[in-house]
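Please open the model in your viewer, keep the sequence beside it, and follow the stops below in order, selecting the named residues as you go.

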Amino acid sequence: RNAMAHLDSEVKEECLREDLKFYFMNPCEKYRARHQIPWKLGLQILKVLMVTAQLVRFGLSNQLVVAFKQDSTVTFKHLFLKGYSGIDEDDYSCSVYTQEDAYESIFFAINQYHHLKNITLGTLGYGENEDNRIGLKVCKQHYKKGTMLPSNETLNIDSDVETDCIHLSLQILTKNPQAWKNSSFFSLEFYRLLQVEISFHLKGIDLQTIRSRELPDCYVFQNRITYDNKAHSGKIKIYFDSDASIEECKLLNISGSIQKNTQYVLVFDAFVIVICLASLILCTRSIVLALRLRKRFLNFFLEKYKRRVCNTDQWEFINGWYVLVIISDLMTIVGSFLKMEIKAKNLTNYDLCSILLGTSTLFVWVGVIRYLGYFQTYNVLILTMRASLPKVLRFCACAGMIYLGYTFCGWIVLGPYHDKFEDLGTVAECLFSLINGDDMFATFAQIQQKSVLVWLFSRLYLYSFISLFIYMILSLFIALITDSYDTIKKYQQNGLPETDLQKFLKECSSKEAYQKEPSAFLSHFCCLRRKRSDDHLILFN
């Protein structure tokens with residue numbers, strides 16, 4: 001009875017060892033061992049091609065949307081901003097310096113809106129605003145009444161802000177072309193005026209998509225012109241903001257081959273969804289089987305050796321590439337559904353669709369590295385990243401504290417004297433550019449020399465930051481990765497430290513017992529045979 005139990009235990013152990021060896025083989029080795037066709041490999045190659053083709057097609061379509069929005073914004077600035085030169089002044093469009101110019105600029109925008117259909121070259125029409133009314137909404141913000149005499153250096157003003165609005169419909173502008181200008185609303189007291197805002201909605205149709213054999217998009221532009229006088233410096237900055245949203249066209253009657261082309265694209269998107277769904281199912285199945293295999297190994301190891309398997313061996317059963325493929329498949333499926341709805345003009349959320357399809361394609365191409373990693377000469381990148389990542393993250397956490405300190409210091413001290421240090425986001429971007437050696441001279445040269453103390457501080461600040469981060473922190477960062485690379489190279493030459501899982505697999509090599517010679521074509525097409533000296537790399541590829 002004891003002999004039978006011992007034999008049964010050995011058979012169970014040998015079956016487990018063979019299953020583990022087969023699990024950690026690459027697709028070519030699995031085919032040579034059991035003639036199992038690598039379905040997942042073929043499916044992933046097909047998916048890479050189809051997802052990339054889908055993304056390129058969507059990118060070309062999305063370019064038309066972006067170009068139409070940008071061109072429309074430029075058109076609106078030329079139409080509604082008096083004296084617009086075609087180039088924005090810093091972060092605002094243009095500016096005025098006299099009361100007469102301020103009134104003329106406001107009245108010019110209103111008159112242009114009134115005569116829009118007679119002057120515009122585009123397919124534009126009037127749209128309804130938030131109040132479901134067609135026309136202009138003009139609002140002004142100002143302090144409560146008071147008096148200010150700069151000559152006597154006296155100020156008497158209530159700092160509470162009031163907002164007054166008026167709606168100018170097309171009927172009012174048409175019936176009384178000049179009367180609305182004489183309204184008391186437009187009697188502006190500039191000493192207490194904060195800003196004037198003109199908002200209106202316009203509708204447009206993008207007809208250039210017809211040339212690409214696509215159905216046209218209908219747009220609603222929420223335009224806002226802001227005359228900013230908050231600084232009260234004698235300069236009113238004029239900002240123009242245009243937010244474009246795509247809406248479903250209510251009536252589309254277009255003849256030709258566009259409808260048939262749309263159907264072909266929808267069929268292709270549906271096929272991509274089917275491919276990704278099959279990939280998702282196969283990878284999920286592989287992860288489930290791996291977890292079951294891990295449970296068998298853990299129970300066997302605990303039963304035979306009376307101790308638990310180390311965490312490193314346990315994580316070997318969780319294939320990170322499969323997790324990456326599953327995430328990319330889910331994103332591709334959702335993005336493809338959104339793309340189909342956009343193509344059918346039932347949905348207009350281009351941004352979300354772009355993020356999903358772009359990120360999924362990124363993950364798909366990153367996943368291709370997995371198959372290159374089956375060859376010892378190509379897997380150095382993955383092994384180095386895997387070994388250096390924990391040390392790099394800890395190093396970046398420490399360096400990030402110094403980086404934040406320089407960011408806050410530069411913002412508060414140099415902000416009033418340098419354009420690149422005006423806000424925290426710009427400061428962080430400027431410092432990151434300096435670390436990479438970009439735009440160094442311009443950063444030094446643009447500091448305003450109005451204060452000798454600040455100028456000297458800026459030199460000390462920039463020299464210390466560049467010296468610390470480029471010569472020390474960046475060099476240490478590279479040294480960490482280089483050290484991991486050297487370690488991996490030594491392991492590849494001398495062998496990796498053996499874990500419990502590797503020792504268990506090496507106890508008896510029975511793979512040759514069931515290995516059969518594959519067909520010459522598939523063996524040549526798949527990959528070169530793995531050398532016996534590379535056995536210690538199996539778990540790390």
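This is a predicted model: local features need pLDDT of at least 70, side-chain atom pairs count only at pLDDT 80 or more; totals for chains, interfaces and linings use all residues.

Begin by selecting E104, which counts as partly exposed at 33% relative accessibility; here buried means under 20% relative accessible area, exposed over 50%, and partly exposed in between, with a 1.4 Å probe and protein chains only. E104 lies in helix α4, residues 99-114, where helices (H or I, at least four residues) and strands (E, at least two) are DSSP runs numbered from the N terminus.

Residues are numbered from 1 along each chain as its sequence is written, and side-chain values use heavy atoms, with hydrogens and water left out.

**Salt bridges**

Select K47 and D329, which form a salt bridge whose closest N and O atoms are 2.6 Å apart. Because K47 lies in helix α3 and D329 in helix α9 (residues 320-343), the pair ties together parts that are 282 residues apart in sequence. Are these two residues buried or exposed? K47 counts as buried, at 1% relative accessibility, and D329 is buried as well, with a relative accessible area of 0%.

Next, select K391 and D483, a salt bridge with its closest N and O atoms 3.5 Å apart. This pair links distant parts of the chain, since K391 is in helix α12 and D483 in helix α15 (residues 452-494), 92 residues apart. K391 is partly exposed, with a relative accessible area of 26%, and D483 is partly exposed too, at 41%.

Then turn to K230 and D228, where the closest N and O atoms of the salt bridge are 3.8 Å apart. In this pair K230 is partly exposed, with a relative accessible area of 45%, whereas D228 is buried at 18%.

**Annotated spans**

The unreviewed UniProt entry gives the annotation "transmembrane region" to several spans, including residues 314-334 and 392-414; such annotations may be inferred rather than shown by experiment. Select residues 314-334, a span that is 81% helix and 0% strand, with its end C-alpha atoms 32 Å apart. Residues 392-414 are 100% helix and 0% strand, and the end C-alpha atoms of that span lie 31 Å apart.

**Surface patches**

Finally, select M401, I402, L404, F408, W411, I412 and L424, which form a nonpolar patch on the surface with about 660 Å² of accessible area together. Patches are made of residues with over 30% relative accessible area and no salt bridge, like charges being joined within 9 Å and nonpolar side chains (Val, Leu, Ile, Met, Phe, Trp, Tyr) within 5 Å. Helix α12 (residues 380-414) gives the most to this nonpolar patch, with 6 residues. I412 is found in helix α12 and is exposed, with a relative accessible area of 58%.

For the last stop, select D90, D91, D419, E422, D423 and E429, which form a negative surface patch. D90 sits in the loop between α3 (39-80) and β1 (94-96), and D90 is exposed, with a relative accessible area of 71%.

Technical notes
Accessible areas come from the Shrake-Rupley method with a 1.4 Å probe; for residues, only the protein chains shown count as cover. A salt bridge is a side-chain nitrogen of Lys or Arg within 4 Å of a carboxyl oxygen of Asp or Glu. Lys and Arg count as positive and Asp and Glu as negative; His and the chain ends are not counted. The place of a charge is taken as NZ of Lys, CZ of Arg, CG of Asp or CD of Glu.
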